[in-house]
Amino acid sequence: MTAPWRSLEPAPASSSSAPGPFGTWTNVSASIIARKIIADSASGFTANGVQDNLPAVSINFDGSQPFMDCMRALATAIS
C-alpha cells in the first residue's frame with residue numbers, strides 16, 4: 001500500500017510557528033482525512049497522489065503536531 005503522501009512535493013518553506021492539522025475523525029477513510037489535512041494545512045502540496053479507498057481510521061489532530069508528523073501518524077494508522 002502506498003503511503004498517502006508518497007507523491008507529494010514539499011511545500012515552500014513556511015513559518016515554523018504555523019499550527020499543524022486540526023480535526024477529529026471517527027471511522028473515516030484515511031483518503032478523506034489525508035485530502036482534508038493537505039487542503040487545510042499544506043499550501044503548495046497536492047493531494048492528487050492520495051490513494052482512493054484507504055481503510056477507515058479514527059484519529060485526532062489537535063494542531064500541535066507538524067503536518068508531516070500527522071501524515072506519518074495517518075499512515076501508521078492504516079498499516
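Start by selecting Phe61: this residue is buried, with a relative accessible area of 1%. Keep in mind as you look around that the model is predicted.

Turn the view until you can see both rings. A pair of aromatic rings is described by the distance of the centres and the angle of the planes. For Trp25 and Phe61, the centres are 6.0 Å apart and the planes meet at 65°, so this pair is edge-to-face. Next, colour the strands: Trp25 sits in strand S1 (residues 22-29) and Phe61 in strand S2 (residues 56-62), so the pair links distant parts of the chain, 36 residues apart.

The model has 2 aromatic pairs. To find another, select Phe45 and Phe67. Their rings are edge-to-face as well, with 5.1 Å from centre to centre and 70° between the planes. Phe45 lies in the loop between helix H1 (30-41) and S2, while Phe67 belongs to helix H2 (residues 67-78), so this pair ties together parts that are 22 residues apart in sequence. Phe67 is buried, with a relative accessible area of 11%.

Most residues other than glycine have a negative phi. Select Asn27, in strand S1: its phi is positive, about 55°, although Asn27 is not a glycine. Is Asn27 buried or exposed? Asn27 counts as exposed, at 59% relative accessibility.

Finish at Asn53, in the loop between H1 and S2. Asn53 has a positive phi too, near 60°, and is exposed, with a relative accessible area of 73%.

How values were computed
Residues numbered from 1 in each chain as written. Predicted model: local features only at pLDDT ≥ 70, side-chain atom pairs only at ≥ 80, totals over all residues. Heavy atoms only, no water. Phe/Tyr/Trp six-rings, centres within 6.5 Å; stacked < 30°, edge-to-face > 60°. Helix = DSSP H or I, 4+ residues; strand = E, 2+ residues; numbered from the N terminus. Buried < 20%, exposed > 50% of the residue type's maximum accessible area, 1.4 Å probe, protein only.
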